[in-house]
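Have the model open as you read.

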Amino acid sequence: MSNIDMSAPLGSHVTLPNPVSTASGCAGYGRELHRFVPLSSLGTITTKTIMPYVRSGRPTPRMAETPSGMLNSIGLQGSGIDHFVEHELPWLAEQGARVLVSIAGERTEEFAEAAARLKGQPGVVGIEANISCPNVANRGLVFACDASSAYETVRAVRDAADPAQPVYAKLTPDVTSIVDIAAACTQAGADGLSMINTLLGMVVDADTLRPRLAGTTGGLSGPAIRPVAVRCVYQVYAAMRAGSVRKVPILGMGGITSGRDALEFVLAGASGVALGTVLFNDPSAPVRVLEELESALAERDFTSLQQAIGFAHTGN
Amino acid sequence: MSNIDMSAPLGSHVTLPNPVSTASGCAGYGRELHRFVPLSSLGTITTKTIMPYVRSGRPTPRMAETPSGMLNSIGLQGSGIDHFVEHELPWLAEQGARVLVSIAGERTEEFAEAAARLKGQPGVVGIEANISCPNVANRGLVFACDASSAYETVRAVRDAADPAQPVYAKLTPDVTSIVDIAAACTQAGADGLSMINTLLGMVVDADTLRPRLAGTTGGLSGPAIRPVAVRCVYQVYAAMRAGSVRKVPILGMGGITSGRDALEFVLAGASGVALGTVLFNDPSAPVRVLEELESALAERDFTSLQQAIGFAHTGN
Amino acid sequence: MDREIQRSESPLSRQSRPTPTQSSAEILALEPVGAYHRLVLDTGSDVAARVSPGHFAALAIGGRDSSMLLRRAFSIHRADPGAGSIELVFAVHGRGTKALAAHHVGDSVDLIAPLGTPFPLSGGPVAAVLVAGGYGSAPMFGLAEQILDRGGRVGFVLGAASADKLFGVGLARALTPHVAVTTDDGSYGSKGRVTDPLPGMIRELGATEVHSCGPMPMLRAVTEIATAYGARSHTAVEEAMACGIGICMTCVLPVVGEDGVTRFERSCTAGPVFDGTKVRWEDAGTLPAGLEGADAMNPHRVPAR
Amino acid sequence: MDREIQRSESPLSRQSRPTPTQSSAEILALEPVGAYHRLVLDTGSDVAARVSPGHFAALAIGGRDSSMLLRRAFSIHRADPGAGSIELVFAVHGRGTKALAAHHVGDSVDLIAPLGTPFPLSGGPVAAVLVAGGYGSAPMFGLAEQILDRGGRVGFVLGAASADKLFGVGLARALTPHVAVTTDDGSYGSKGRVTDPLPGMIRELGATEVHSCGPMPMLRAVTEIATAYGARSHTAVEEAMACGIGICMTCVLPVVGEDGVTRFERSCTAGPVFDGTKVRWEDAGTLPAGLEGADAMNPHRVPAR
Ligand SMILES: Cc1cc2nc3c(=O)[nH]c(=O)nc-3n(C[C@H](O)[C@H](O)[C@H](O)COP(=O)(O)OP(=O)(O)OC[C@H]3O[C@@H](n4cnc5c(N)ncnc54)[C@H](O)[C@@H]3O)c2cc1C
Ligand SMILES: Cc1cc2nc3c(=O)[nH]c(=O)nc-3n(C[C@H](O)[C@H](O)[C@H](O)COP(=O)(O)OP(=O)(O)OC[C@H]3O[C@@H](n4cnc5c(N)ncnc54)[C@H](O)[C@@H]3O)c2cc1C
Ligand SMILES: Cc1cc2nc3c(=O)[nH]c(=O)nc-3n(C[C@H](O)[C@H](O)[C@H](O)COP(=O)(O)O)c2cc1C
Ligand SMILES: Cc1cc2nc3c(=O)[nH]c(=O)nc-3n(C[C@H](O)[C@H](O)[C@H](O)COP(=O)(O)O)c2cc1C
Ligand code: FES
Ligand code: FES
């Protein structure tokens, strides 16, 4: 194995041993994945998004396979933040996992409530505010589709959260300008940006002649969306370089399957990379991708991950 | 062959023998495709987008293959509307092709100029205003990303164009609400909507460590984006049913490779289907897809295409 | 969700859930059997030794250049710990199974096994009826052997749409004289459904357990009959799965917990074998009344707190 | 763009462009040759009879479940009209060629051929030097045969990075005594570039034509030498192609027209063989000065009219 410094910044005070994370909703709360990959070997594990209360999620069918991708409409099934803190987090901490807890709510206050509950919890290295869900108070418009909703929510989470826990905002690509949303989030105090969440898509079942998913539409993920994800990371990083978005680390995701894919995101500006759909195909991907990324960096004469971040913007 | 009425409305006064078209920019001006598929067998052929003047297009590399898709950044290379009308259109008319002429400009007036030039031209069955390109007068923001730019441009084209020629507006999915843009276009007098243009994407070359395309970003097309395209068609058709968008025919496109794929778009609300990227893989796809669509309709006990349009919204 | 994790230790699933192994498995045999294909895989590990009847395997098909990302789940028909191999029986259904059928001996597929909660096995001798539709019989013969090994008795009710879609009638007859066969079109056995001979078979054997595997409506009907005749009903469900290992949450069914509360449980971890009386069959694909957390799905509800 | 269409009828490309045929072609042979693979395809039609040297074929690889949509272009090495087959020689470069190399005899690939504008052939006898890098020699032997058939004389200059990447040295020697071979590492022939022996070969043969196929920098250098020695330079370019048939506009190069104006021409239709003096080699990948319509790419220009 090469001798690359793989440490990755999560926030200004938190540095991770490596940049590889899981994407929210694609590794549950870690127990099942731990059978394939020791959680402590990951930079972080991002939990499935947790709301303050129990949620059943949507009825089935919840998924459809699409060309080089899939649609899901899980609908944030979960047992709520208290249950997580009491029953899942201690186990995660015991495994030595560094946990990025994904939280959400249907109102700004619900986000704040979930964030507050995580204060001082061992194992929690940060919070990811999944603002790519509908804001009940604003006509059901997704928080991250509206700069001021995004601002308010991130602000509320940052205020409520443990100051030692960096707060990431998770952005949806389904907007006219993701740079505007990124700017709002960083202004609101986000310590990092997670990009991207799924694209809104749907499949019509040619047999039943109806939408395939019980939820009609679902989120498109997987390699199919990688070019969109890389573009989003690149655009936002470019805006950071240009000074129109405050510079914070970017956790890149969307269709990563290999170290080469991960490198694309790093070169575009990501400080960390998260693996989602690939885990369904290959649950041991995190270890493989980390090794491949390390070799890819070495082959290209980088001596640290840090050097490669955003390199596509600067040239040789 | 089954006995399905495949006729498809292009506008209130124009009906096509069948719903299959080519997508703009994926069949040039028809000459090369004609060697594989007689152009007269298509419902329409949509031309590569034509501007009022000669344009070189972007430098190479202009493409990158992506999982189940591709990126292109051709940059609207073309010899201009006069050249088209003098040298290409007469040949197309001679072949019995029904031509949907895709036009664009960097300013509203340029759209109008191109539209006016097509007045009374034989062979032209309609105009597709490709408003998914940057508006120089509005900070380079893509016309179709802004409801008022979209409105103005479609209005100008509708006013300038031959009243006998239906005007379609071609929409980009890269917006927060495609329904809002669709509403603006139909208010402005669009006789139809083409959905969808490519998604903005990019690839970073892991060897050169720089963006792969000379144009940095490019348009993502192919099966990878089909779920997004079907969702857009479904959303806009739903809005038409709900009365918030004026009811006009939809030309659906994005990743169609088979009759089953085409049927998905029809069930979601499309009256016509256009084939793009698939032509690079299989230039004889139009005939195949038409046959497959006809059989698929027959197998599902439809006796006409018309019956299937939007069927996913109504159920049995 | 540790609820599902706990479930695997619940009385319903008395067998422990072994750790699944991911490996690149070479195809040792691939050949048609009736309407199906028989696939033997070299697991290259002790996977076979850890398989119990009802466990399934999840296969990734097509490699890196494939446009198909998700895993395909198949019951493990037979496990040969000596050879380190497992055997599956599959029907060509969609693209993935079509591509799988086109593989050659010597090719490799990415395999994860054993997965899921298998059929519960009592320590002592019991009388059980095993009911299966189509390839649903695949896991049943191993189960029958284990029941017989414990001194119990078994009967089979095997059904399918037509004769070519029956699997394992001969295997069943080799294990027990109590074998009833039905086909929808009467092309083999008696014309009708598995539920027709089931009551007679339960009585005949004095069965206290019914194990079934097949389509949902069948499992539901079997459970109703088993319950009416005082037998426990263990059902192996087939719900669409993306990962097979418990991380995607696509495969849920509404299942009543020991506390009487209905929750969406993952059929890949809490199942595929469920107590048939706990599954709310008629409510699959809905948000049924009483489902925990279903109120939170209504955006116009009064905020939770 | 009828400009490109017209170009195929221009004096540079005197051979007519036959209509390409799309077919599912069975693989008759697939085997390694040196660092490359030799692929023989049954075209099942008269395609082979319509092939001229310089024509290429475009293959779709992987079928419906593949994540790779675009065609791959390969020079036609040999066409056997009697057998209805064509032969290609390819290097494994990326995913598509890797997948192609893993095919088996008896598999089918979707083929479109013949494509492009081939090398121009004079009616009478000429002396020509054929220059190729690596697999770039594939189309050159058929070309040599046709020149020889017309009573002309040929010489070969074949180069590659190393010995295993040379293709067809034996074929060349069988056709003519005038064969020079270079490798970058000196592992075969003389150490150096094809441009080293080229001037000598042109003089030796009194050649008035140089035909070349290989990477762009080589074609450019060959053109410079040919021009300096008074010979015409016909170059077969290799530009990234998505469709190969002229409909995607991805494969353009800046080429100077007969009117002296530079335009982006499609290398799959106007090429792959171009008059080397008309290609603005150094400007590939840019919007060079004088390129028609390049001004329209600047959004801040004064409106065209
Ligand atoms: C526990 C379990 C055991 C099974 N055992 C067998 C068996 O022994 N033999 C057999 O022939 N089939 C079995 N199946 C069904 C088998 O998984 C599907 O037929 C197969 O996944 C279809 O894949 P496809 O690519 O052909 O279809 P596609 O429709 O292309 O599959 C697309 C996606 O949907 C999922 N999917 C589609 N249908 C099903 C389904 N019925 N069940 C689960 N996932 C589905 C696939 O896993 C894949 O992720 C079993 C399913 C489960 C859940
Ligand atoms: C006219 C012509 C003749 C050719 N003749 C030969 C030949 O005889 N033998 C041989 O080995 N190779 C030949 N090539 C190059 C060959 O086309 C590429 O090596 C091949 O397309 C790479 O495909 P891939 O899937 O391995 O690479 P990828 O990088 O995965 O290809 C992705 C896409 O880019 C295109 N592409 C990538 N590289 C090239 C390239 N160099 N040229 C054209 N398209 C490219 C592919 O067609 C495909 O659409 C020729 C190219 C052209 C244009
Ligand atoms: C089944 C599934 C469930 C998901 N659930 C969540 C979620 O709960 N919260 C969230 O922020 N993102 C969720 N996502 C989105 C992923 O975290 C990720 O942003 C997206 O899938 C793109 O990455 P990928 O292509 O690697 O999967 C989910 C994705 C999938 C496929
Ligand atoms: C190479 C290429 C060139 C294109 N050029 C144009 C264009 O000139 N005008 C336009 O409106 N759309 C253009 N498009 C977009 C297509 O018309 C179509 O909207 C999009 O590709 C989605 O369809 P597909 O997935 O079937 O290709 C182009 C697409 C490709 C792939
Ligand atoms: S299949 Fe993924 S959780 Fe069950
Ligand atoms: S490769 Fe498509 S136009 Fe040349």
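Start with Arg117(A), which counts as partly exposed because its relative accessibility is 27% (buried means under 20% relative accessible area, exposed over 50%, and partly exposed in between, using a 1.4 Å probe and protein chains only). Its salt-bridge partner is Asp82(A), with 2.6 Å between the closest N and O atoms; a salt bridge here is a side-chain nitrogen of Lys or Arg within 4 Å of a carboxyl oxygen of Asp or Glu. The pair connects distant parts of the chain, with Arg117(A) in helix 2 (residues 108–117) of chain A and Asp82(A) in helix 1 (residues 81–94) of chain A, 35 residues apart. Helices (H or I, at least four residues) and strands (E, at least two) are DSSP runs, numbered from the N terminus. Asp82(A) is partly exposed too, at 27% relative accessibility.

Before going on, a word on ground rules: this is a predicted model, in which local features need pLDDT of at least 70 and side-chain atom pairs count only at pLDDT 80 or more, while totals for chains, interfaces and linings use all residues. Residues are numbered from 1 along each chain as its sequence is written, chains are lettered from A and ligands numbered from 1 in the order in which they are written, and side-chain values use heavy atoms, leaving out hydrogens and water.

Staying in chain A, look at Asp191(A) and Arg158(A), whose side chains form a salt bridge at 2.5 Å, N to O. Asp191(A) sits in the loop between helix 4 (178–187) and strand 10 (192–195) of chain A, and Arg158(A) in helix 3 (residues 147–160) of chain A, so this pair ties together parts 33 residues apart in sequence. Arg158(A) is buried, at 15% relative accessible area.

Now hop over to chain C. Arg38(C) and Glu87(C) make a salt bridge, their closest N and O atoms being 2.7 Å apart. Since Arg38(C) is in strand 2 (residues 36–42) of chain C and Glu87(C) in strand 6 (residues 85–90) of chain C, the pair ties together parts 49 residues apart in sequence. Arg38(C) counts as partly exposed at 23% relative accessibility, whereas Glu87(C) counts as buried at 9%.

Strand 6 of chain C also holds Ser85(C). Is Ser85(C) buried or exposed? At 7% relative accessibility, Ser85(C) is buried. Leaving aside neighbours within four places in sequence, Ser85(C) has contacts (heavy atoms within 4.5 Å) that include Leu28(C), Val40(C), Leu41(C) and Arg78(C).

Next, how do chain C and chain D meet? In all, 7 residues of chain C touch 7 residues of chain D. The two chains bury about 670 Å² between them, 30% of it on carbon and sulfur atoms; that is the accessible area (1.4 Å probe) that two parts lose on being put together, summed over both. There are 2 salt bridges across this interface. Asp65(C) and Arg95(D) meet in a salt bridge at 3.4 Å, N to O.

A 180 degree rotation with 0.0 Å of shift along its axis superposes chain C on chain D with an RMSD of 0.0 Å, so the copies are related as by a two-fold rotation axis. The superposition is by least squares on the C-alpha atoms of residues with pLDDT of at least 70 in both. Because 100% of the interface residues of chain C are also interface residues in chain D, the copies meet through the same surface.
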